[in-house]
Amino acid sequence: MKTEVPFSSKRLFMTLMLCACAVILLQNHDLSADASFWVNLLSVFAGLGVCFFYFLPAIILKKKYNTDVMTLANQAGTPLKWATAVFYALYFLFTAEYFLIPYTDMFCKKYYAGAPPCLIALAVLACCVYAAVKGVNVITRFGIFLFVLALVTNFLMFAGSASSLRFEENLAFRGTLSAFLQNSGYFITPCFIAAIYVCLSGYTRRFTWRQPLTALALTGLKYALVLFFIAFSAGEYAGRQEYETYLLSRVAHFGSFAGIESFYMALSTMSVFMITALLLCCTCRGFQLGGNVKWTAAFAALLFFVRFIAEKFDSLNELFTNAALLNGFTFVAAVVIPSAYLIGRKKHA
Amino acid sequence: MNNSLKENIKNLQTLFANSADLSVREVTLKSVRQIRAAILTVEGMVSKEELAQSSVNPLMAFDFGAKTEREAYQTILSRVLASSDVTEIEGQEQLISFITSGFAVIALDGVEKMIAVGSQGYAYRGVAEPESEVVQRGAREGFTEPLRVNMSLLRRRVKSPDLVFEQMTVGKKSRTQLMLCYLQKAVSQELLEKLRERLQSCDLETVLASGYLAEYLEDSRTSRLFSGVGISERPDTVCGKLTEGRIAIIVDGTPAVMLVPHLFVEEFQGVDDYSNRTYYAAFIRTLKYLSFFTAIFLPAIYTAFAQFHPEYFPTWILVKTSKSLSETPLPVTLEVLLITFVYEIMKEAGLRIPKSLGHAVSIVGALVIGESAVTAGIISSSTLMVVATAAICSYVTSSLYPPIMTLRFLFVIVGGTLGLWGIVLATAIVLISMCSKTSLGVPYMSSLAPFSLRTMRDVFVRAGWKKLSEHTIKVQNFAETEEKA
């Protein structure tokens, strides 16, 4: 078993925050057009509020017993341990696919037109195996550099779009309940970070309640800023873009500075790299295989295989990029299972 | 060793294979019993004057009367010798160690022990300013080869009993002496123990320079691209590091003192930073960081732009670069690699060539290879300029030259085959590798990752001395305790 060094809880939450922010960078922007900026803002609050609720079982486990679900599963006996490990492994691999597929698609359509998505996926996964073998602690350290890159990129993105802001059209409070609910559903997607925390909280130390709240607040701020620029950036460049398009072409507007959108490419690539590596770590942790090169490579190979098949069959592609399905699994992974272990532990005590 | 002087001498001569530099002077002491003695030295290692004054003259002049050999031995040890550095030798190992270190050894017939007298007097290079760490306002002293001289250079700067020198011997054949040097109140005992274990595990036959040991000090299973062992030839730098809880390893015969744990951010700190104004120190450090990134990424980004994203060049550069590149026969990636490779050859030649030929090589390099190759259309001027800029930048942080050079080649290949995306992915891998590296258990990227706001006062900027002296940050504070998860 790999020796892991406990690290700062603050750092893990910063990494999770970056993972949550990646949702809006990488996913298809499928928000309802019936809702205005203000309604979308309310949806962000609602979505991230639910996200905090998802965090509660893991936080209670951490606060009360200073442990995580995987440790409890290992203490619970062989059948339960294997059942938990297998469920989480499948869930994490599904989540990894959820990011990997849109990333490779976006990459091959918008950036390197004509490049084979599977080759891109293979290269990214190979790098992820290396990172995953190094462990969660190292990935969170890497997250610090990604945070700096995110700050610079977002500053450039927003500064580039600031000159073309127009407030006349979209300033009104307009929206329907169904649009609000649909958009809130979209903003529940980052809840997958709660499921990651459920598995990794045992590694960390010095946890405070302020950490998840700050992470979610910063994620909300990022979402709000992106929504703001999508809603009000009406320059010639933004005007040319379709509404339902990837954010790369909508928000990553850098004025007249050609080439600066490479920052966006770098940020999205590194985000996918970090999320996938983190999810591979979580998958291995379930089976107590942390740091095992062969098994990590095997899980990565499974991810590649699914990506390869998904390219051939559209239905599979849609299945793996279905936000509702992910949210459903996330609810089980972040709320149901940890709560069950929490109750079991309480009864046992 | 035994009672017979003759046998002891014979054994020693056999051990040294009758080496010509082993000098044996047999004498008879002034006494009723005609005690026979011998003074054993290695030629060239002792000062003859010092030996005569401290040992030979007093020994020959002293009247031992009717004393037995053992009594005479005790008298020599306590009263006769005029040296402060006198030690009893009880075994062959000790005897070899002393005699090869420049001590004179006095052996008496009938006594199985011997006496080592400190009278070293070998030739060595004097204390001078180290060429690799030139400063504007600091001391002009640098370490030299003899261990004791280097120890005195440190002791002169830290006049405190807190400064400890701990002697060890490495190398089965060379028996090289080394000193672990640390401040007792500042060092972490855990780190010190770890270091001792690693040095003891060193099974080298010969240790001729400190670099031999560096690999043994690196943490296992961490990246070897960057060094986890710091090197300095300046006593003031070493003293500064000792106050932060680091341990210095001084190896006899090497002016380069090793320092552990060593962090990435230290590569950008210089002695002058602490003498200059804070704003100027911050400026210089910013320059160093920018140069480091330019040295690694500039040729790679240029290659990626020229090969995959020419639209990213500003129009006026694009026109000139395209014209220049279109006139050369090689693809841009090969061209960058070729010029970088030729530059590395010229650099190596410049380092090894006699100084008198240096100018000739410079002319050949600059005119023949540089200008003529551009004029002949073999290489483009823009590529030459990019590689030259990167080469100059790599010397701003000269201690990082090996990783810079390796990464430059790697990134050019990746940039030329996969474009900017490849560079991003390779950067992620290098960052992961750097973040996973530790030096004696302390994360190599400490201060940055794990991030510590408090230590930022001496990373990109240098805070004023009043602020720096408020609280000295110990290097062991960065270490994360290992526990089984």
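Two strands pair if DSSP finds at least two bridges between them. Strands are DSSP runs (E, at least two residues), numbered from the N terminus. By that rule, strand 6 (residues 163–170) of chain B and strand 7 of chain B run antiparallel, joined by 8 bridges.

This is a predicted model: local features need pLDDT of at least 70, side-chain atom pairs count only at pLDDT 80 or more, and totals for chains, interfaces and linings use all residues. Residues are numbered from 1 along each chain as its sequence is written, while chains are lettered from A and ligands numbered from 1 in the order in which they are written.

- Strand 7 (residues 176–183) of chain B is largely enclosed by the rest of the structure, because 6 of its 8 residues are buried (20 or more other C-beta atoms within 10 Å of a residue's own, with C-beta atoms placed from the backbone).
- Q177(B) in strand 7 of chain B stands opposite T169(B).
- Strands 6 and 7 of chain B form a hairpin, with 5 residues between them.
- G171(B), in the turn, has a positive phi of about 90 degrees.
- Strand 7 of chain B also pairs with strand 9 (residues 247–251) of chain B, antiparallel, over 4 bridges.
- There, L180(B) has I249(B) as its bridge partner.

**Domains of chain B**
- The domain assignment gives domain 1 (5–118), domain 2 (131–273) and domain 3 (277–436); such bounds come from an automatic or database assignment.
- The C-alpha centres of domains 2 and 3 of chain B lie 33 Å apart.
- In chain B, 10 residues of domain 2 are in contact with 14 residues of domain 3 (C-beta atoms, placed from the backbone, within 7 Å).

Key
Contact = placed C-beta atoms within 7 Å. Buried ≥ 20, exposed ≤ 12 C-beta atoms within 10 Å, placed from the backbone.
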